Amino acid sequence: MTAPTSQIRALPIIGGLALGMVACWLWIAVALIVGFGAAYGSDSEAPAILALAVAAVPVVVGIVLLLRPRTRQLGAGFLMGISIGFIAGAGVCASMFFPGTF
């Protein structure tokens with residue numbers, strides 16, 4: 001008896017990739033908002049601690065999706081989307097700080 005083969009479907013991977021990129025950009029936006037709040041007047045460390053705790057949520061969600069066989073392809077796309085989002089975010093950040101070099 002042979003083991004059942006699983007097919008790679010594009011829709012869950014592309015959907016997870018899009019969700020991961022959105023989650024990454026939201027993650028960056030929260031970090032900027034908390035960072036500017038800390039730099040310009042908020043003396044409380046509570047928002048920074050909360051933002052740090054929330055920062056782990058997308059990665060944990062991606063790992064949980066990846067571990068479940070039914071959502072494995074969505075989880076793989078989600079983690080790829082987070083990674084691609086950070087690479088694109090680094091490029092945007094670099095182009096803002098060094099506008100003449102890119």
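Of the 102 residues in this protein chain, 20% count as buried. Keep in mind as you look around that this is a predicted model.

The fold is quick to describe: the chain has 4 helices and 0 strands, and from the N terminus on its elements run α-α-α-α. Among contacts with a separation of 6 or more, 66% are made by residues 24 or more positions apart.

Here are the whole-chain values side by side.

| Property of the protein chain | Value |
|---|---|
| Residues that count as buried | 20% of 102 residues |
| Accessible surface | about 7,500 Å² |
| Share of that surface from carbon and sulfur atoms | 77% |

Now to helix α4, which covers residues 72–97. Its 26 residues, at 1.5 Å a residue, should span 38 Å, and this agrees with the end C-alpha atoms, which lie 38 Å apart. The buried residues of α4 include the glycines Gly75, Gly77, Gly81, Gly85 and Gly89. Gln73, Phe78 and Ile82 complete the buried set of this helix. As background, an α-helix has 3.6 residues a turn, so residues three or four places apart point the same way.

Helix α4 also has a part in the surface. Trp25, Val92, Met96, Phe97 and Phe98 make a nonpolar surface patch of about 580 Å², and α4 gives the most to this patch, with 3 residues. Val92, for one, is found in helix α4. Is Val92 buried or partly exposed? Val92 counts as partly exposed because its relative accessibility is 38%, and that class lies between the cut-offs of 20% and 50%.

Methods:
Residues are numbered from 1 along each chain as its sequence is written. This is a predicted model: local features need pLDDT of at least 70, side-chain atom pairs count only at pLDDT 80 or more; totals for chains, interfaces and linings use all residues. Side-chain values use heavy atoms; hydrogens and water are left out. Helices (H or I, at least four residues) and strands (E, at least two) are DSSP runs, numbered from the N terminus. Buried means under 20% relative accessible area, exposed over 50%, partly exposed in between (1.4 Å probe, protein chains only). Contact means heavy atoms within 4.5 Å. Accessible areas come from the Shrake-Rupley method with a 1.4 Å probe; for residues, only the protein chains shown count as cover. The expected span of a helix is 1.5 Å times one less than its number of residues. Patches are made of residues with over 30% relative accessible area and no salt bridge: like charges are joined within 9 Å, nonpolar side chains (Val, Leu, Ile, Met, Phe, Trp, Tyr) within 5 Å. A salt bridge is a side-chain nitrogen of Lys or Arg within 4 Å of a carboxyl oxygen of Asp or Glu.
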